[in-house]
Amino acid sequence: MINLFWQKLAIFRRAEFLSARDLLQRALGISGLFLLAHLAGLREFTSVLNGTIGSVAAGWKLSGFLALIYILLYLAFVILVPVLVLAAMILAVWRRCVQKAENSRITSDANS
Amino acid sequence: MKSRMAGILAGLAALVVAAAIWLPCLHLVFTRPLSDFRQNQGLSPKARQLAARHLQLWTEPARREQELKKMRASNAEWDFMGRSYLVWSLANMALRDPASKPLYLRTMDQIIDETLRLEKQEGMYFFLMSYAKDRHYLAQPAHSLFLDGEIALMLASRRAIEGKPEYKPLLTERVNAIVERLQKSPRMLLESYPDECWMFDHCVALDAIKMADYLDGSDHSALIRGWIAMAKQKLVHHDSGLLVSSFTTDGTPLAGPEGSSIWMVAHSLQLLDEDFARDQYQRARKELGAITLGFGYAHEWPESWKGEANIDSGPIIPGFEISAGSSGMAFIGASTFNDDKFLTSLAATLDFAGFPSRTRGRLKYCASNQVGDAALLYAATLGPLWQKVKTGAKP
């Protein structure tokens, strides 16, 4: 029942590679992962950027690893997500324009 | 198959166009008016928030202990410098926000007293990196100008806001000792570490001497002039015209010009020789400062000098050669010389890549640490103290 509900939501349906829906799904996936990392408090570990250990208890290796995950997800969230959303919008507008041109061509063909 | 390939190509083209639109606009999300970071009068919102977090650290010992432990795991100097920058910031804040002066003075006294206690109890090595013990200081008994200069400037800054009789002999004693050692040294160069002298530490110490003159009516202007003349002649990197960062007691450069040092050096020089200070800032801005897509940052070394990443430079981000240490200290230079464009772009980078974290009106940058945040607070508040000393207005 729950699966059926999610499948009915267009955004969660499997999309064609690099289609507008695919790009939006990727943007949503990155945002979700970043939100999880943020809520898990990984931001604190970014102090390794200036050579300060994120947590004395966690040690250098784990602190560095958690910082790396957070930084990559953050950069993906602020740089990649807007690009994916913008690209999806561009694709949608482009597709609408192409469709409109196609319709008017069919209409004019039919009239002639 | 053909239409699928066309779809993928259309997707790629859309991604390229979207990136071309978004990347030049990204800085707009993080760029705030300069008044958000620094104001000519009063305190900016960021200064208040950063200060609130530092004041909390000095009222909650357990939290402070935790922060210091993290920093000391890398560098004991940071523990010390975090104290210095906070005291110097609080002095400027007391002049900017007189209503909160009692709180600021109380905190300054608490920091100074604890620092002096630790220095006395644990010895000077407590605030130095461990390699200080690897060799003997050439000048005996051993002194570190790093500690003496910054402590003297803390004491002087406190007294410049409001006199405190207990601190007068402490300042006089420390300043006289520095002056005496400078006069005895054949090249007027004093060690911070064994046979390792730092431009940063000399400039801060000379600031303290200048402030002692202002407070107590002594006159060391000839000594200060002489030292600056010597530095111009012997301690300037030929290609960039920038002062070198470190050198031996006979004046042989150890490191060339470095961003983690020169921005603060230019700020310190402003109290001693305004024209030379501005010249050093402008050279540093040209050689080390950069703005890309609206984000400001700084390199650690000019093109004409190759250095290795170290504890002061912080990690160097390849490609753009961004140094965390130099970029952080660039705030102090840009704020001192009212380089508003550079300061605004640096602040945009800070909000983009510094990972700000706000809790109940308190701000910290997760990618920074206590000393980094204290230096940022100093950049957001500096000005009134130097102005007061330069105009000769009495405390």
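Student: Is H4(B) largely enclosed by the rest of the structure or largely open?
Tutor: Bear in mind that this is a predicted model. A residue is buried here if 20 or more other C-beta atoms lie within 10 Å of its own. In H4(B), 18 of the 21 residues are buried, so the helix is largely enclosed by the rest of the structure.

Student: How far apart are the end C-alpha atoms of helix H4 (residues 76-96) of chain B?
Tutor: Let's start from what to expect. At 1.5 Å a residue, its 21 residues should span 30 Å. The model agrees with that, as the end C-alpha atoms of H4(B) are separated by 31 Å.

Student: Moving along chain B, which residue is the bridge partner of B:Ala290 in S5(B)?
Tutor: Strand S4 (residues 289-292) of chain B pairs with S5(B) in the antiparallel sense, over four bridges. The two strands form a hairpin with two residues between them, and B:Leu293 in the turn has a positive phi of about 50°. Within this pairing, the partner of B:Ala290 is B:Tyr297.

Student: Are the faces of strand S5 (residues 295-298) of chain B covered or open?
Tutor: Take one side at a time. B:Phe295 and B:Tyr297 lie on one side, with B:Gly296 and B:Ala298 on the other. These four residues are all buried, so to describe both faces of S5(B) the word is covered.

Student: Is B:Glu119 buried, exposed or partly exposed?
Tutor: This residue is found in helix H5 (residues 101-122) of chain B. Leaving out residues up to four places away in sequence, B:Glu119 touches B:Met124, B:Phe126 and B:Leu147. The count of C-beta neighbours inside 10 Å is 17, so B:Glu119 is partly exposed.

Student: Now for the other chain: how many helices does chain A have?
Tutor: From the N terminus on, the elements of chain A run α-α-α. There are zero strands in chain A, and the number of helices is three.

Student: And where the chains meet, which helix gives the largest share of the side of chain A that touches chain B?
Tutor: The contact takes 23 residues from chain A and 29 residues from chain B. By class, the chain A side has 14 nonpolar, six polar and three charged residues. The largest share of that side, eight residues, comes from chain A's helix H3 (residues 59-111).

How values were computed: Residues are numbered from 1 along each chain as its sequence is written. Chains are lettered from A and ligands numbered from 1 in the order in which they are written. This is a predicted model: local features need pLDDT of at least 70, side-chain atom pairs count only at pLDDT 80 or more; totals for chains, interfaces and linings use all residues. Two residues are in contact if their C-beta atoms, placed from the backbone, lie within 7 Å. Ala, Val, Leu, Ile, Met, Phe, Trp, Tyr, Cys and Pro count as nonpolar, Asp, Glu, Lys and Arg as charged, and the others, Gly among them, as polar. The expected span of a helix is 1.5 Å times one less than its number of residues. A residue is buried if 20 or more other C-beta atoms lie within 10 Å of its own, exposed if 12 or fewer, and partly exposed in between; C-beta atoms are placed from the backbone. Two strands pair if DSSP finds at least two bridges between them.
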